[in-house]
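Here is a protein chain to read through by way of questions and answers. Please look at the sequence and the 3D view before going on.

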Amino acid sequence: MDLLICKIQTMSHPILKIEDVNKSYDTGKSKLHVLKGINLNINQGEFVSIMGSSGSGKSTLLNIIGILDEADNGIYELDGFPIKHLTEVKAAEYRSRFIGFIFQSFNLINYKTALENVALPLYYQNVSRKERTKKALEYLEKVGLREWAEHLPSELSGGQKQRVAIARALISDPKLILADEPTGALDSKTTHDIMKLLQEINNEGKTIVVVTHEPDVAAQTKRNVVLKDGRIESDELIKQIVL
């Protein structure tokens with residue numbers, strides 16, 4: 001019973017806390033108010049989808065969560081650390097420490113092998129080559145691609161590229177996985193496989209936030225946040241479609 005209580009307490013730790021966040025962009029003649037007082041808490045171990053039509057503010061919100069952009073005002077805390085007025089060096093350090101990114105276009109380096117792509121975050125953390133290689137092989141094994149370690153991205157299918165990207169996102173053991181339209185470039189069969197893998201990773205305790213415009217993908221997460229005109233229109237726990 002004590003173990004169960006401990007697990008529940010661990011699950012309830014807020015990994016991400018956003019309070020009254022606003023963001024505007026200067027368009028020259030006027031200001032475009034993109035985020036209008038966003039309030040969002042995400043606890044450790046959650047699997048959240050953020051949805052919204054084009055122009056709803058979801059990409060801007062993702063960029064702020066990913067420390068790629070900064071809010072005009074409001075509070076943003078990541079694992080208890082305030083994210084505000086960071087230098088580019090500090091922002092890069094926090095991204096490396098806290099966040100694993102998965103992109104629609106995979107963002108793999110074409111002239112590096114799958115192994116080298118996966119190992120890259122550890123290179124920037126000054127991990128030895130031997131340890132980088134060992135860990136990269138472990139994570140390629142985890143996503144079912146160990147035998148493809150020496151292949152270049154051009155020799156991989158779309159689904160395999162995304163698996164390499166997922167392994168790269170996981171290797172530094174980030175607090176939060178941010179996936180921006182991770183299945184946008186994939187067919188339905190491959191989408192199913194990638195979302196199944198993300199469900200497995202989440203079931204191991206990793207916090208995942210997926211930005212998607214696909215209702216089918218959102219239904220495979222556990223909580224759905226919908227943005228409309230820069231505001232959160234709805235935020236609800238959903239019955240996950242388990243793959």
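Q: Over how many bridges do β1 and strand β4 (residues 73-78) pair, and in which sense?
A: This is a predicted model, and every answer here is a reading of that prediction. Strands of a sheet pair through backbone hydrogen bonds, either parallel or antiparallel. For β1 and β4 the sense is antiparallel, and the number of bridges is five.

Q: Which residue of β4 stands opposite leucine 16?
A: Leucine 16 has its place in strand β1, and β1 pairs with β4 in the antiparallel sense. Across that pairing, the residue opposite leucine 16 is leucine 78.

Q: Is leucine 16 buried or exposed?
A: A residue counts as buried when its relative accessible area is under 20%. Leucine 16 touches Leu40, Asn41, Ile42, Ile65, Tyr76, Glu77 and Leu176, when residues up to four places away in sequence are not counted. Because its relative accessible area is 0%, leucine 16 is buried.

Q: In what order do the four strands of the open sheet stand, and why is one side of β2 (31-43) and of β5 (81-82) left without a neighbour?
A: The pairing in this open sheet of four strands is antiparallel. β2 and β5 stand at the edges and have a single partner strand each, so one side of each is left without a neighbour in the sheet. The order of the strands is β2-β1-β4-β5.

Q: Is serine 24 buried or exposed?
A: Serine 24 is found in strand β1, which covers residues 14-26. Leaving aside its neighbours within four places in sequence, serine 24 is in contact with Lys31, Leu32, His33, Val34 and Asp72. Its relative accessibility is 18%, and because the limit for burial is under 20%, serine 24 counts as buried.

Q: With which residues is threonine 60 in contact, leaving aside its neighbours within four places in sequence?
A: Threonine 60 has its place in helix α2, residues 58-65. With a relative accessible area of 10%, threonine 60 is buried. Beyond its neighbours within four places in sequence, its contacts are Lys23, Tyr25, Val34 and Leu35.

Q: Which residue in β7 stands opposite phenylalanine 103?
A: Strand β6 (residues 99-103) is mostly covered, with four of its five residues buried. β6 pairs with strand β7 (residues 176-180) in the parallel sense over five bridges. In β7, the residue opposite phenylalanine 103 is aspartate 180.

Q: Which element gives the largest share of the lining of the largest pocket?
A: The largest pocket holds about 460 Å³ of space. The elements giving two or more residues to its lining are α3 (88-98), β6, α4 (114-124) and α6 (158-170). The largest share, four residues, comes from β6.

Q: How many residues of the lining of the largest pocket are nonpolar?
A: The lining has 17 residues, and those nearest the centre of the pocket are Ser96, Ile99, Phe101, Pro121 and Arg168. Five residues of the lining are polar and two are charged, while the number of nonpolar ones is ten.

Q: What radius of gyration does the protein have?
A: The protein has eight helices and ten strands, and 46% of its 243 residues count as buried. Along its principal axes, the C-alpha trace spans about 50 × 50 × 35 Å. A compact globule of 243 residues would have a radius of gyration near 18 Å, and the value for the protein agrees, at 18 Å.

Technical notes: Residues numbered from 1 in each chain as written. Predicted model: local features only at pLDDT ≥ 70, side-chain atom pairs only at ≥ 80, totals over all residues. Heavy atoms only, no water. Buried < 20%, exposed > 50% of the residue type's maximum accessible area, 1.4 Å probe, protein only. Pairing = 2+ DSSP bridges. 1 Å grid on protein atoms, 1.4 Å probe; cavity = no way out; pocket = protein on both sides within 12 Å on 5 of 7 lines; lining within 4 Å. Points joined across faces, edges and corners; volume = space filled by probe spheres on them. Nonpolar A, V, L, I, M, F, W, Y, C, P; charged D, E, K, R; others polar. Rg over C-alpha atoms; globule rule 2.2 N^0.38 Å. Contact = heavy atoms within 4.5 Å.
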